[in-house]
Amino acid sequence: MRVYKQMVRSKRELLTELGFITWRTRQEITELLTTIAKRVSEIRFENIVHSIITSDMSPSEVVRYLTFIEIPMREVN
């Protein structure tokens, strides 16, 4: 449980530094990243964040992208 929280925090900080997250979208992005990190492998999570970093998305487009991303619906312990 602690591992995904650390991943989410570090990736959120990275995206904030790069300008993909604003204070307005920060909470929503955190919730979306947490949900995704719980459900996918670490490599898949890294790939999702990498696709954001290499794009030219605005903060609102990042929220939309993370909202509609395909993630499996497996149970989390």
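Predicted model: local features only at pLDDT ≥ 70, side-chain atom pairs only at ≥ 80, totals over all residues.
Figure 1. Val8 touches Thr30, Leu33, Thr34, Ala37 and Phe45, with residues up to four places away in sequence not counted. Val8 itself lies in helix H1. Its relative accessible area is 4%. Val8 is therefore buried, as the cut-off is under 20%. Thr35 sits 27 residues from Val8 along the chain, and their C-alpha atoms are separated by 9.6 Å.

Figure 2. Is Lys11 buried or exposed? Lys11 counts as buried, because its relative accessibility is 16% and the limit is under 20%. The Lys11 side chain makes a polar contact with the side chain of Glu46, at 3.0 Å. Setting aside residues up to four places away in sequence, Lys11 touches Phe45, Glu46 and Val49.

**Figure 3. The largest nonpolar core.** This core holds 21 residues. Which of them touch the most other members? They are Leu15, Ile29, Leu33, Ile36, Phe45 and Leu66. Helices H1, H2 (26-39), H3 (42-53) and H4 (59-67) each supply at least two residues of the core. H2 gives the most, with five residues.

**Figure 4. Leu66 and its contacts.** Leu66 is one of the core residues that touch the most other members. Neighbours within four places in sequence are left aside here. Leu66 is then in contact with Ile29, Leu32, Leu33, Ile36, Ile48 and Ile52.

Definitions and conventions: Residues numbered from 1 in each chain as written. Heavy atoms only, no water. Buried < 20%, exposed > 50% of the residue type's maximum accessible area, 1.4 Å probe, protein only. Polar contact = N/O pair within 3.5 Å; in protein donor to acceptor, adjacent residues only side chain to side chain. Contact = heavy atoms within 4.5 Å. Core = buried A, V, L, I, M, F, W, Y, C linked by side-chain atoms within 4.5 Å. Helix = DSSP H or I, 4+ residues; strand = E, 2+ residues; numbered from the N terminus.
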